[in-house]
Structures are given as C-alpha cells and as structure tokens.
Amino acid sequence: MEDQEQQKNSRVVKVDSAESWNFYVSQAKNQACPIVAHFTASWCIPSVFMNSFFEDIASSYKDALFLIVDVDEVKEVARRLEVKAMPTFMFLKDGNTMDKLVGANPDEIKKRVDGFVQSSHLV
C-alpha cells in the first residue's frame, strides 16, 4: 500500500514508449521546462540503486520534468540518444541534450541538476 502511495506522489514520470518520450519532450519544450532523464535497466544494480535518489531529487526541483526510461522497454529512444551504459542521466532543454552524466554518482548528479535547473531559468 505504501509503495502505491509513493508512486502516486512521485514527481518522476515513467516513459514507456518512444511516443510518450516524444510527447513529454514536446510538452516540456513548449513550456520552456528543462528535463532530467534517468536511463536505467532493471538488471543494473547501480541504476536500481539510483531510483530512490532520483525520486528524492525530483521532489526538490518543481520547475523541471524528471523522466525515467528503462532502456530495455524503450530501446528506440536509448539508441537515438546513444545511451550505452546505465545509469545515464541526460539534461535536455528545448528538446536538445545539454549535458550527459554516466554512472551512479549522487553528489555529481545533484550538482549538475542544480546547475542545470538554475541556468535554465536564467534565459
């Protein structure tokens, strides 16, 4: 029950198809909203480890869209964005990749998210 409650309150949106990826990127672009995307895989322990951290960080930044993409479920998007290792974190603005971070490094991810979200609102 608690897990369902947590999912309802989550600020992280699960992308389940290339169509939904395109929809969210398009919506964010129209609203000048930065995107932080976590590319993950259920079999990758460091990726799974980062899921709760990603949820926590998403709750701190209300002005950004946080997406989670399972590379095995949405292969087309992972291939198009050249995601080759998990976890990979991508930072997108106006539909373009502005930054990319590979690996489970919570401190560096927090630093990059903070800088990215701050700089996105300066324009």
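Is Lys14 buried or exposed, or partly exposed, by its relative accessible area? Select Lys14 and colour by accessibility: Lys14 is partly exposed, with a relative accessible area of 47% (buried means under 20%, exposed over 50%, partly exposed in between, with a 1.4 Å probe and protein chains only).

Before going on, a word on what you are viewing: this is a predicted model, where local features need pLDDT of at least 70 and side-chain atom pairs count only at pLDDT 80 or more, while totals for chains, interfaces and linings use all residues. Residues are numbered from 1 along each chain as its sequence is written, and side-chain values use heavy atoms, leaving out hydrogens and water.

**Stop 1**

Helices (H or I, at least four residues) and strands (E, at least two) are DSSP runs, numbered from the N terminus. Glu73 is partly exposed too, at 46%.

**Stop 2: along helix α4**

Next, pick Glu76 and Arg80, whose closest N and O atoms are 3.6 Å apart in a salt bridge. Being 4 residues apart in helix α4, they are separated by about one helical turn. Relative accessible area is 45% for Glu76 and 44% for Arg80.

**Stop 3: a network**

Select Asp99, Glu108, Lys111 and Arg112 together: a network of salt bridges links them. Zoom in on Arg112 and Asp99, where the closest N and O atoms are 3.2 Å apart. Arg112 is partly exposed at 23%, as is Asp99 at 27%.

**Stop 4: two helices**

Finally, show α3 (residues 45-60) and α5 (residues 106-120) as cartoons. Their axes come within 11 Å and cross at roughly 30 degrees (axes are lines fitted to C-alpha atoms, for helices over the stretch in contact, with angles from 0 to 180 degrees between N-to-C directions). The two helices are therefore roughly parallel, a term for angles under 35 degrees. Met50, Phe53 and Ile57 of α3 make the contact with Pro106, Ile109, Lys110 and Val113 of α5, where contact means heavy atoms within 4.5 Å.

Methods. Angles under 35 degrees count as roughly parallel, over 145 as roughly antiparallel, 65 to 115 as roughly perpendicular and the rest as oblique. A salt bridge is a side-chain nitrogen of Lys or Arg within 4 Å of a carboxyl oxygen of Asp or Glu.
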